[in-house]
Amino acid sequence: MGDGFIARDITFVNSAGPNAEQAVALRVGSDRSVIYRCSIDGYQDTLYTLSKRQFYRETDISGTVDFIFGNSAVVLQSCNIVSRKGSSDENYVTAQGRSDPNQNTGISIHNCRITGSTGTYLGRPWKQYSRTVVMQSFLDGSIHPSGWSPWSSSNSLKSLFYGEFGNSGPGSSVSGRVDWPGYHPALTLTEAQGFTVSGFIDGSSWLPSTGVVFDSGLL
């Protein structure tokens, strides 16, 4: 929770297993926090990006259901995101929790690799204004063609903001993606720049002092 928290070369594990329901391995609520060259391993709700500005670089994150969730402004860059075999046939990488359209929060996955078991969705809306983008990342064949999944109700399908930009790999085709008002299969260059390290978390002003490698804009 302390501002400016940095974790480097550390493995965080919740070993509760695939049948334990929520089992958080790491919760971060620190402004200007950095997780660098770490590994965060669990199943359901592995990584809780609770609040404030966060940056993850060259970090391995594994899980099953909603395994990157919360309501921070977070950029995950050059990370390996792995959907594991769990107790269900369906996995969800993200569950972003923006509850008000005025909140400057969201999950930005940039230049990452998303791989794993079949039936993996990039995300589902935990709250009404859920916001998640996947940009310039490699998506393997485990990604469900529809890409994104609704929550139990469909109230948020107009108010959420989900987007993709410049992705590659067998799971990156947007031709079979969901047809929701809030889904953007091809972000504009300006929109995508708004979710970069510089544009989304003002990282160019505070990341240099940490000594961590980062890309401030699009690749």
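This is a predicted model: local features need pLDDT of at least 70, side-chain atom pairs count only at pLDDT 80 or more; totals for chains, interfaces and linings use all residues.
Local features were considered only at pLDDT of at least 70 and side-chain atom pairs only at pLDDT 80 or more, whereas totals for chains, interfaces and linings use all residues. Residues are numbered from 1 along each chain as its sequence is written, and side-chain values use heavy atoms, with hydrogens and water left out.

The protein chain contains three helices and 19 strands, taken as DSSP runs numbered from the N terminus (helices: H or I, at least four residues; strands: E, at least two). Its C-alpha trace spans about 45 × 40 × 30 Å along the principal axes. The accessible surface amounts to about 8,900 Å², 46% of which belongs to carbon and sulfur atoms (Shrake-Rupley method with a 1.4 Å probe; for residues, only the protein chains shown count as cover). Of the 219 residues, 54% count as buried, that is, under 20% relative accessible area, with exposed meaning over 50% and partly exposed in between (1.4 Å probe, protein chains only). Among contacts (heavy atoms within 4.5 Å) with a separation of 6 or more, 62% join residues 24 or more positions apart.

Six strands form an open parallel sheet in the order S2-S5-S8-S11-S14-S17, where pairing requires that DSSP finds at least two bridges between two strands. Strands S2 (11–13) and S17 (138–139) stand at the edges with a single partner strand each, so one side of each lacks a neighbour in the sheet. Strand S14 (residues 113–116) pairs with S17 in the parallel sense over two bridges, and Arg 113 stands opposite Phe 138 in S17. Parallel pairing over three bridges also links S9 to S12, and S12 to strand S15 (residues 120–123). In S12, Thr 94 stands opposite Ile 68 and also opposite Gly 123 in S15. Six of the six residues of S12 (residues 91–96) are buried.

The largest nonpolar core comprises 33 residues, of which Ile 40, Tyr 56, Ile 68, Leu 76, Ile 81 and Ile 114 touch the most other members. Strands S3 (26–28), S10 (73–77) and S13 (106–110) each supply at least two residues of this core. A second, separate core of 18 residues includes Phe 55, Phe 165, Phe 195 and Val 197. Such a core is a set of buried Ala, Val, Leu, Ile, Met, Phe, Trp, Tyr and Cys residues joined through side-chain atoms within 4.5 Å. Beyond four places in sequence, the contacts of Leu 76 include Tyr 56, Ile 61, Ile 68 and Ile 107.

Asp 66 lies in the loop between strands S8 (60–63) and S9 (68–70) and counts as buried at 5% relative accessibility. Not counting residues up to four places away in sequence, Asp 66 touches Asp 45, Tyr 92, Val 93, Thr 94, Ala 95, Arg 124 and Trp 151. Gly 70, in strand S9, is buried with a relative accessible area of 0%.
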